[in-house]
Amino acid sequence: MISAHTDLTSNSAAHLQRLVAEWQLLADLSFADFLLWGAVKDHPGRYVCLAQVRPTTGPTAYEEDQVGRTLEGEDAKHLSVAYTEGRIFREGDPVWRGDVAARHEAIPVRRRDRSQVIAVAARDTNLSDTRSPSHLELNYLKTADYLVQMLTDGGFPPPLLPGEPTTAPRIGDGLVRIGADGLVRYASPNALSAYRRMGVTGHLRDRDLAELTRSLPSDPEVGADAARRIADALAGGTPRRKEIEAKGATVLMRALPLRPGGKAAGALVLVRDITEVRRLDRELVTKDATIREIHHRVKNNLQTVAALLRLQARRVGSPQARQSLEESVRRVASIALVHETLSQSGDESVGFDQIVDRVASMAVEVSVAESKVTLRREGTFGVLPSEYATPLVMVVNELIQNAVEHAYPPGQDGEVVIGVERDGDRFRVTVSDHGKGLPENFRIADSTRLGLQIVHTLVTGELRGTIDMRPRAEGGTEAVVDFALQ
């Protein structure tokens, strides 16, 4: 929008983007809509609305979105005065839109490092509510006037701090306005409630907020850091947001300087009680750790089962029974790989490529004595939910093992390719070889091999997909599995 309609530089555009990220604060304190107007390039006197924010504290002046709307001539007089003369325009009669009367103000927007006006912020107030403002509303409006003047001076929005989180308290969460002497001039009811949860008794008015905040946390360093941030804002700085823990409560604090016209007028401190949010965060961390520990123990148990089966296979005299037990060992080991990956992950999803590569490596190690088969993966699976990863690793393991054992005669070189095509949530997995091919009239659904029966059951049941084993045109066999994440 900015580059399409205006001649603003990238630095000016970045300043306006920071303003839009912060100006909900202005709208809520002003009980008014804020519209950002830019001068249209090659059309002197014409302005286009680049952005709009509505107040959460009062009625909007516009039912319809104004972004993209253009003004010129008499309709844009207030914008032209602010843009060309560089002053706040407050004169003029209310403007009627249907049955709604609105007071229009135009505020020139400057960058901190330049005196040139780069845009105009319109503060449009719905005048339908004519009652006398409350003490809270008067303090909000006074604070808004400070910030509006800073907007004109280039002091608002505050500079972007590297790594600063985007979440911040809003005025409805709790607002404290302190004077240049650091004493509280006004504290909203929610702000008072937040401080009382941290152990404050009585009112906040006329108290030194920095020293009061310093005394609350049990950790002296945390209290001293919070006090320094308030003092920094009083000195004109823009400190980072800070979480304060005291008396079992957690409060997020943000301090902003109030310096209209470059003169110190105190600071605005926004606070939000996030005690419940942090409690839930700690519960989630505990649950995540518990889930990872469960996967770790399941993996250990499966490895124990595999070891017992392997031990039993060594003691069995029948070659056929030994082979069946070794196949079971491989199946259990492939499932253990999924749980091992989940035990190292922070969620219930796994990077499936590394699992397939390890399964392929295991298959090659087992087959080395009988044939010289190499395995190669083409494409990527990406991240899969655990409920799909477990049956899919079983399917891929069985298809690889089937190809390694039956596609090539003992001692013959060969290759098995695991191909995957992913389109969003749909997968097409192919295991192919250049071996001797399938028996005539082969159908996987009719196969008596346990491994292929497992594959068919898992694909059609757990994955809710389809599988087809067929001859390749250039010789050999390919097994194609199609399924989609539900």
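P157 lies in the loop between helix 5 and strand 7; helices here are DSSP runs of H or I with at least four residues, strands are runs of E with at least two, and both are numbered from the N terminus. This is a predicted model, in which local features need pLDDT of at least 70 and side-chain atom pairs count only at pLDDT 80 or more, while totals for chains, interfaces and linings use all residues. Residues are numbered from 1 along each chain as its sequence is written, and side-chain values use heavy atoms, with hydrogens and water left out.

The peptide bond between F156 and P157 is cis, with omega about 5°. Most residues other than glycine have a negative phi, and most peptide bonds are trans.

F156 also belongs to the lining of the largest cavity, together with L147, M150, G155, P158, T238, L256 and P257. A cavity is defined on a 1 Å grid over the protein atoms alone, as a set of points where a 1.4 Å probe fits but cannot get out; lining residues have an atom within 4 Å of a point. Rolling a probe the size of a water molecule over the atoms shows where empty space is left. By this rule there is one cavity of 30 Å³ or more. The volume of the largest cavity is about 40 Å³, where a volume is the space filled by probe spheres set on the points, and grid points are joined across faces, edges and corners. Helix 5 (135–153) and strand 10 each supply at least two residues of this lining. By residue class, the lining holds six nonpolar residues, two polar and no charged. In this scheme Ala, Val, Leu, Ile, Met, Phe, Trp, Tyr, Cys and Pro count as nonpolar, Asp, Glu, Lys and Arg as charged, and the others, Gly among them, as polar.

Helix 8 comes next. It has 15 residues (220–234), which at 1.5 Å a residue should span 21 Å, and its end C-alpha atoms are 21 Å apart, in agreement. The expected span is 1.5 Å times one less than the number of residues. After the helix comes G236, with a positive phi near 105°.

The buried residues of helix 8 are G223, A224, D225, A226, A227, R229, I230, A233 and L234. Buried means under 20% relative accessible area, exposed over 50%, and partly exposed in between, with a 1.4 Å probe and protein chains only. An α-helix has 3.6 residues a turn, so residues three or four places apart point the same way. The elements that cover the buried residues of helix 8 include strand 7 (175–178), helix 7 (209–214), strand 9 (242–246), strand 10 (249–257) and strand 11 (267–273).

Beyond its neighbours within four places in sequence, K242 is in contact (heavy atoms within 4.5 Å) with V222, D225, R229, V251, L252 and M253. K242 counts as buried because its relative accessibility is 16%.

K247 is in the loop between strand 9 and strand 10. Its phi is positive, near 55°, although the residue is not glycine. K247 is exposed, because its relative accessible area is 64%. F31, in the loop between helix 3 (24–30) and strand 1 (33–39), also has a positive phi, near 55°. F31 counts as buried, because its relative accessibility is 14%.

R279 lies in helix 9 (residues 275–315) and is partly exposed, at 33% relative accessible area. Its side chain makes a polar contact of 2.2 Å with the side chain of E276.

Helix 12 has 21 residues (386–406), which should span 30 Å at 1.5 Å a residue; its end C-alpha atoms are 30 Å apart, which agrees. Of these 21 residues, 17 are buried, leaving the helix mostly covered. N402 lies in this helix and counts as buried at 14% relative accessibility. The side chains of N402 and R449 form a polar contact of 2.8 Å. Not counting residues up to four places away in sequence, N402 touches A407, R449, L452 and M469.

Terms used:
On a 1 Å grid over the protein atoms alone, a cavity is a set of points where a 1.4 Å probe fits but cannot get out, and a pocket is an open set with protein on both sides within 12 Å along at least five of seven lines; lining residues have an atom within 4 Å of a point. A polar contact is a pair of N or O atoms within 3.5 Å; within protein, one must be able to donate a hydrogen and the other to accept it, and residues adjacent in sequence count only if both atoms are side-chain atoms.
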